[in-house]
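Reader: I would like to go through the labels attached to this model, and hear what each one rests on. Please show it first.

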Amino acid sequence: MSWLLPLIVVAVLVGVAAWFGRRYVALRGPRLVECPESQQAAAVAVNAARAAAGGPFSLSACSRWPEKQSCGRECLAQIERSPEGCLVRTIVTNWYQDKRCAVCNKPVGDIDWYDRKPALMDEAGIARPWPEVQAERLPEVLATQRPVCFDCYVAETFRREHPDLVVDNPWKASSRTNPLPPPSI
């Protein structure tokens, strides 16, 4: 019976650690808010460990810092109203929903943010990965660029970086030379 109390303590600690870990993962990541001062998009990060522990939201980074580091932090109200809704990955996931790839025209489908991330195609027809997009530019980028599935991103990148190794199917060559239609909004 003396082994029961340590077992209960360990079980409780494991449960608390798992709860904290899930909450921490849900709260971390860049967020997009509208800066109350400039009325422009700003990328922010919250102190996820403090918020996961039950503390109030506080900023750990902002794209307008260090110039505006002494602001009133009124943007925190937006995060408190919708902590998940202002996460960049949530905004981007919602944007890709029901979108078709600009290259193959297949549905982009569910996004695997760890292994097979989709990309974007700019006005010049160049596919770019998400890490190149600054979060504060997200509204502009989503309004002007088209979705590209992971497979087409890999193929288009290979085509751009190694044109001497690519042989086009002559029966499909006409589809490569036609410009892509503008994004539908």
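This is a predicted model: local features need pLDDT of at least 70, side-chain atom pairs count only at pLDDT 80 or more; totals for chains, interfaces and linings use all residues.

Reader: What makes the pair of Arg159 and Glu156 a salt bridge?
Author: The closest N and O atoms of Arg159 and Glu156 are 3.8 Å apart. The cut-off is 4 Å, so the pair qualifies as a salt bridge. Because they are 3 residues apart in helix α6, about one helical turn separates them.

Reader: Which label does Arg159 get, and why?
Author: Arg159 has 26% relative accessibility. That value lies between the limits of 20% and 50%, so Arg159 is partly exposed.

Reader: How do you know that Asp151 and Arg116 form a salt bridge?
Author: Their side chains meet at 2.6 Å, N to O, and the limit is 4 Å. The pair links distant parts of the chain: Asp151 belongs to helix α6, while Arg116 is in the loop between α4 (88-96) and β4 (119-121), 35 residues apart. A search of the whole structure finds 4 salt bridges.

Reader: Why is the contact between the side chains of Asp151 and Arg116 also called polar?
Author: The distance is 2.6 Å, and a polar contact needs N or O atoms within 3.5 Å. Asp151, at 47% relative accessibility, counts as partly exposed, and so does Arg116, at 38%.

Reader: What makes Glu140 and Arg137 a salt bridge?
Author: Their closest N and O atoms are 3.0 Å apart, against a limit of 4 Å. Glu140 is partly exposed, with a relative accessible area of 47%, and Arg137 is partly exposed as well, with 33%.

Reader: How do you know that Arg146 has no salt bridge?
Author: The nearest side chain of opposite charge, that of Asp122, is 6.2 Å away. A polar atom of its side chain does lie 3.3 Å from the backbone oxygen of Asp122.

Reader: Why is Leu7 called partly exposed?
Author: Leu7 has 49% relative accessibility, and exposed would mean over 50%, so Leu7 stays in the partly exposed class. Leu7 is in helix α1 (residues 4-27).

Reader: What makes the nonpolar surface patch that includes Leu7?
Author: Trp3, Leu4, Leu7, Ile8, Val12 and Val16 make the patch, which covers about 570 Å².

Technical notes
Residues are numbered from 1 along each chain as its sequence is written. Side-chain values use heavy atoms; hydrogens and water are left out. Patches are made of residues with over 30% relative accessible area and no salt bridge: like charges are joined within 9 Å, nonpolar side chains (Val, Leu, Ile, Met, Phe, Trp, Tyr) within 5 Å. Accessible areas come from the Shrake-Rupley method with a 1.4 Å probe; for residues, only the protein chains shown count as cover. Helices (H or I, at least four residues) and strands (E, at least two) are DSSP runs, numbered from the N terminus. Buried means under 20% relative accessible area, exposed over 50%, partly exposed in between (1.4 Å probe, protein chains only). Lys and Arg count as positive and Asp and Glu as negative; His and the chain ends are not counted. A polar contact is a pair of N or O atoms within 3.5 Å; within protein, one must be able to donate a hydrogen and the other to accept it, and residues adjacent in sequence count only if both atoms are side-chain atoms.
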